[in-house]
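Please examine the sequence and the structure below.

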Amino acid sequence: AGGGCGMSHATERLAAIRDAVSGLAGADLAGAGRRLLDVMGYRSPKTLDTPAAPAQFLAALGMDAARFETGRWRAVHFLFQLTGDELPALSRGGDPATGEAFQRGAIDSFVFLAIDLDDGGWSRRQLVAIVRALNRGFAMPVIVLFRHDGQATLT
């Protein structure tokens, strides 16, 4: 009888994910993105207060906006950074808790961004190119939630 319980939990989880995904269509991409990642089990207080305007966002992080087609970006949001504090698997053990600030040099971590793109049509290759270019500006891997053409892509 225990199996049925697990199924209902999985169904609930799926419903929560579906609900969070539908939220991505709303105005608040950053909030909806955090909610979706939260439902998937990723959450962290470590964030960075960055401007949503793409060129200013990149400048704030010391990146050259000219290397990106920011004219086609509507907005970019720093969702959060996941470190060993939030995901013990990332910790090499013995690392002190790093609190709630963005850890710029923490290579054993991930940064989650959300980028709102125009609806001009985007290929998988173009999205991957954006992620690659962003990765050059961070010490750790960057995972991007793109919203474009009425869909969302996690890359």
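**The sheet and its helices**

Strands β3 and β4 run antiparallel and are joined by four bridges; two strands count as paired if DSSP finds at least two bridges between them. Helices (H or I, at least four residues) and strands (E, at least two) are DSSP runs, numbered from the N terminus. This is a predicted model, in which local features need pLDDT of at least 70 and side-chain atom pairs count only at pLDDT 80 or more, while totals for chains, interfaces and linings use all residues. Residues are numbered from 1 along each chain as its sequence is written, and side-chain values use heavy atoms, with hydrogens and water left out.

**Strand pairing**

- The four strands form an open sheet in the order β1-β2-β3-β4, and the pairing is mixed.
- At the edges lie β1 (73-82) and β4 (151-154), each of which pairs on one side only.
- Arg-147 has Ala-152 in β4 as its bridge partner.
- Six bridges connect β2 (residues 110-117) and β3 (residues 142-148) in the parallel sense.
- Leu-113 has Val-144 in β3 as its bridge partner, and Val-111 stands opposite Val-142 in β3.
- From β2 the chain crosses through α4 to β3, and this β-α-β crossover is right-handed (with the strands pointing away from the viewer, the path from the first strand over the helix to the second runs clockwise).

**Burial in the sheet**

- Six of the seven residues of β3 are buried, so this strand is mostly covered (buried means under 20% relative accessible area, exposed over 50%, partly exposed in between, with a 1.4 Å probe and protein chains only).

**Helix α4**

- Helix α4 (residues 124-135) lies across β1, β2, β3 and β4 and runs at about 140° to β3 (axes are lines fitted to C-alpha atoms, for helices over the stretch in contact, and angles run from 0 to 180 degrees between N-to-C directions).
- The buried residues of α4 are Leu-127, Ile-130, Val-131, Ala-133 and Leu-134.
- Viewed down the axis of α4, these buried residues fall within an arc of 165°, so they line one face of the helix (the arc is that of the directions from the helix axis to the C-beta atoms).
- Arg-124, Arg-125 and Arg-132 are exposed on the face of α4 turned away from its buried side.
- The buried residues of α4 pack against α3 (54-60), β1, β2, β3 and β4 (contact means heavy atoms within 4.5 Å).
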